[in-house]
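Work through the exercises below with the structure in view. Each task is followed by its solution.

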Amino acid sequence: MSSATDEAFIREALALAAEAAQAGEVPVGAVVVCAGVIVGRGYNRPISAHDPTAHAEIVALREAAGRVGNYRLADCELYVTIEPCAMCAGAIMHARIARVVYGARDPKTGACGSIVDLFADRRINHHTAVTAGVLAAEAGALLTEFFVARRRAGREPDDAAD
């Protein structure tokens, strides 16, 4: 994919992240793209769904699998505003996603190189390509603004970004 295409899909994910922030969730958004078409959308909703697995990536993967009619999404790409955590990286690998494109690094839970790099571990049977840093400043600013606002409101931020 071209960098312009990557940016366009990350912008779609950023719009979803803004929806998460409006709902009081950590602002992370994700889209799954197959053959240039978005087939899955998600934003963080673990608080509202009372579901610790309701990260943006998981929500988008579930929708995509339902739409495609298969839990294997081998010809698809996932675009997400922040580096996936270990749980999401595991789901991405099980879905056989071909490539992950993300915005900001996650120094607390990132599983694409910040803390661990699950996609580079040769002991794992599926290897997803990773493109990092697409619109990273915008994605990082959205998270920073969210947590600054929470601190101002007197609420403690969660430990993890997603």
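The exercises cover the fold, then the salt bridges.

The model is predicted: local features need pLDDT of at least 70, side-chain atom pairs count only at pLDDT 80 or more, and totals for chains, interfaces and linings use all residues. Residues are numbered from 1 along each chain as its sequence is written, and side-chain values use heavy atoms, with hydrogens and water left out.

**Exercise 1.** State how many helices and strands the chain has, and their order.

Solution. Helices (H or I, at least four residues) and strands (E, at least two) are DSSP runs, numbered from the N terminus. The count is five helices and five strands. Read from the N terminus, the order is α-β-β-α-α-β-α-β-β-α.

**Exercise 2.** Decide whether Arg99 and Glu77 are buried or exposed.

Solution. Buried means under 20% relative accessible area, exposed over 50%, partly exposed in between (1.4 Å probe, protein chains only). Arg99 has 12% relative accessibility, so Arg99 counts as buried. Glu77 has a relative accessible area of 11%, so Glu77 is buried. Their side chains form a salt bridge at 2.7 Å, N to O. This pair joins strand β4 (residues 99-104), which holds Arg99, to strand β3 (residues 76-82), which holds Glu77.

Note on methods
Salt bridge = Lys/Arg side-chain N within 4 Å of Asp/Glu carboxyl O.
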